Amino acid sequence: MNLQAPGVSRTRLHDALLADAEARDRLGGGSVTLDGRLVLIAPLADLPVARRFTAELGVDWNTAEVRYGDEEFVS
């Protein structure tokens, strides 16, 4: 699953991950683009954790873009 949502700062993501051990361990972190777009990539099984975590970040789920697909690592 690839989740992207607008309106999240790097500091807010950092602080939220420090405060939420389950999200930190299950989601493995996240990224924020220069324009403030949150990016989370996680297994589909962790969708409930991702949804709860993004709500705690203040993300409106209706503005989030979620894509489902197979896991693939590209280096």
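The buried residues of helix 3 are covered by elements that include strand 1 (2-6), helix 1 (10-19), helix 2 (21-27) and strand 3. Helices (H or I, at least four residues) and strands (E, at least two) are DSSP runs, numbered from the N terminus. Buried means under 20% relative accessible area, exposed over 50%, and partly exposed in between (1.4 Å probe, protein chains only). Covering is a matter of contact, that is, heavy atoms within 4.5 Å.

This is a predicted model, in which local features need pLDDT of at least 70, side-chain atom pairs count only at pLDDT 80 or more, and totals for chains, interfaces and linings use all residues. Residues are numbered from 1 along each chain as its sequence is written, and side-chain values use heavy atoms, with hydrogens and water left out.

Val49, Ala50, Phe53 and Thr54 are buried in helix 3. These residues lie on the same side of helix 3, because they cover an arc of only 125° around the axis. The arc is that of the directions from the helix axis to the C-beta atoms. Pro48 and Glu56, on the other side of helix 3, are exposed.

Two residues can be set out by their accessibility.

| Residue | Relative accessible area | Class |
|---|---|---|
| Arg51 | 46% | partly exposed |
| Asp46 | 8% | buried |

Arg51 belongs to helix 3 (residues 47-56). Its C-alpha atom is separated by 12 Å from that of Glu65, 14 residues apart along the chain.

Asp46 sits in the loop between strand 3 (37-41) and helix 3. Leaving aside residues up to four places away in sequence, Asp46 touches Arg26 and Leu27.

Just after helix 3, Gly58 has a positive phi of about 90°.
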